[in-house]
Amino acid sequence: MAVKMWAGRTAGATDKLADDFNSSIHFDCRMYKQDIMGSMAHAAMLGKQNIISQTEAEQLIAGLTDILADIDSGKLEIAMDCEDIHMFVEQVLTERLGDLGKKLHTARSRNDQVALDLRMNLRDEAETIIGLISDNVKSLLSVVKDNKTTILPGYTHLQRAQPITFAHHLLAYCMMLLRDMDRFSDMKKRMNVSPIGSCALAGTTYDTDRYFEAEKLGFDSICLNSIDGVSDRDFVVEFISCCSVLMMHLSRLSEELILWSSWEFKFVELSDSYTTGSSIMPQKKNPDMAELIRGKTGRVYGDLMGILTTLKGLPLAYNKDMQEDKECVFDAVDTVKMCLMVMANMIATMRVIPENMKRAAQEGFINATDLADYLVKKGMPFRSAYKISGTIVAECISKKLVLETYPLEEYKKHSDLICEDVYNEISLETCVEKRISVGGTGLESIETQIKFVEEQL
């Protein structure tokens with residue numbers, strides 16, 4: 001049985017059920033690298049400040065280096081009967097170095113140690129997630145460059161509204177994901193503050209150098225209030241909040257992929273590698289991966305609500321409730337990373353079907369606004385032009401025509417202002433090209449947006 005490092009005030013002999021309930025090693029073991037790196041920096045600081053001798057500090061660092069190498073290689077297996085990863089590392093170190101190992105915990109507490117490990121772990125995870133978001137933007141950008149002039153209907157209220165390019169539509173998601181990258185980067189700045197040296201809550205009587213320790217671990221600064229250093233987890237809340245916004249964007253994109261790949265739309269075809277079949281309906285090709293991303297969004301939202309609820313009533317400083325911070329944030333991290341990897345590959349392998357997009361755009365009368373604009377440019381008041389355009393659309397529907405095939409003589413019955421040039425003005429290609437405003441769906445704007453995204457990446 002693992003030794004209870006806190007035995008003394010109590011016998012250190014808890015019930016097996018209580019041990020299991022209290023233990024966190026089965027999920028905080030993933031922080032072993034950060035825990036050992038933090039302990040190395042702490043040993044170096046103790047030696048620098050002559051709290052322990054320089055020789056002792058070097059021996060501790062060497063021992064910790066060996067433990068890290070042994071865990072990485074599989075030579076040393078993490079013992080799941082230890083209370084947490086901090087106790088496991090300290091116990092192994094003490095077994096190997098004797099009483100010297102017991103000196104490592106001088107001038108720190110598990111309270112500031114776990115806060116340090118978690119900040120370092122999430123800092124690394126944020127970098128990984130930023131890289132995965134970048135991969136998704138690159139996948140989208142590749143499709144964008146192949147579809148700069150591919151026309152499809154743009155929607156409002158899920159009703160066909162105006163013609164746009166597929167590139168323009170996907171670039172909207174590129175912009176969202178770029179902001180997600182920025183959110184994680186910005187969050188990381190506030191998280192990159194070292195709590196080590198805060199100890200249990202009140203600091204320590206030893207002459208420590210918190211700035212030295214923070215710098216060795218890559219932190220920008222230190223927590224200036226020791227109570228704040230050990231008792232808040234707002235960085236966890238913010239991290240999962242960033243994950244939630246990102247998942248919301250991935251969920252919206254997933255919803256569109258699900259719609260677009262249906263027979264009713266058939267704008268894209270998802271690769272067989274990212275779809276499944278039905279157990280009884282042989283014709284089915286289900287967008288299960290996109291549906292799972294959409295579904296897992298709620299899971300990450302739940303992680304956010306969980307940590308907010310855990311923290312909302314806690315008095316200062318540390319409380320055991322805060323052990324609940326790790327499972328929710330680790331779940332969010334793992335979920336987000338898996339969803340990002342799947343989405344990037346799903347986008348990269350899907351087939352775009354331009355002819356179906358164009359057909360849907362034509363049948364949706366999404367150039368009706370351009371017909372009204374055409375009449376306005378000829379001198380007709382907009383409201384009058386709007387009414388005439390609506391009447392013509394209604395006639396086209398009844399005669400199973402589209403605006404491009406509606407006869408000129410029929411057009412002239414509604415207004416003498418309409419001439420042969422109307423067909424050029426209402427062609428979908430013209431409708432798109434005329435959107436020359438900055439940020440619009442015109443080709444020049446598309447090129448500007450692509451350049452911006454590439455620069456951000």
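Mentor: Let's begin with the words for angles: those under 35 degrees count as roughly parallel, those over 145 as roughly antiparallel, those from 65 to 115 as roughly perpendicular, and the rest as oblique. This is a predicted model, in which local features need pLDDT of at least 70 and side-chain atom pairs count only at pLDDT 80 or more, while totals for chains, interfaces and linings use all residues. Residues are numbered from 1 along each chain as its sequence is written, and side-chain values use heavy atoms, with hydrogens and water left out.

Trainee: What makes up the contact of α3 with α6?

Mentor: Q34, D35, M37, G38 and S39 of α3 meet Q113, L116, D117, M120, N121 and D124 of α6; contact means heavy atoms within 4.5 Å. By class there are 3 nonpolar, 5 polar and 3 charged residues. Ala, Val, Leu, Ile, Met, Phe, Trp, Tyr, Cys and Pro count as nonpolar, Asp, Glu, Lys and Arg as charged, and the others, Gly among them, as polar.

Trainee: And why are α6 and α19 called roughly antiparallel?

Mentor: The axes of α6 (residues 110–146) and α19 (residues 443–456) cross at roughly 155° and come within 11 Å. That angle is over 145, so α6 and α19 are roughly antiparallel. Their contact is made by V137, L141, V144 and K145 of α6 with I450, V453 and E454 of α19. These residues divide into 5 nonpolar, no polar and 2 charged.

Trainee: Which hand does the crossing of α6 and α19 have?

Mentor: That crossing is left-handed, a word used if the near helix is turned anticlockwise from the far one by less than a right angle, with right-handed used if it is turned clockwise. α3 passes α6 in a right-handed crossing. The crossing of α4 and α5 is right-handed too.

Trainee: How do you know that T441 is buried?

Mentor: Buried means under 20% relative accessible area, exposed means over 50%, and partly exposed lies in between (1.4 Å probe, protein chains only). T441 has 3%, which is under 20%, so T441 is buried. Its place is in the loop between α18 (428–433) and α19.

Trainee: What makes the pair T441 and H168 a polar contact?

Mentor: A polar contact is a pair of N or O atoms within 3.5 Å; within protein, one must be able to donate a hydrogen and the other to accept it, and residues adjacent in sequence count only if both atoms are side-chain atoms. The side chains of T441 and H168 are joined at 3.5 Å. The side chain of T441 also reaches the backbone nitrogen of T165 at 2.9 Å.

Trainee: Why do V300 and D370 count as buried?

Mentor: V300, in helix α11 (residues 288–311), has a relative accessible area of 0%, so V300 is buried. D370, in helix α14 (residues 368–377), stands at 1%, so D370 counts as buried. Not counting residues up to four places away in sequence, D370 touches E425, C431, K434 and R435.

Key
Axes fitted to C-alpha atoms, helices over the stretch in contact; angles between N-to-C directions. Helix = DSSP H or I, 4+ residues; strand = E, 2+ residues; numbered from the N terminus.
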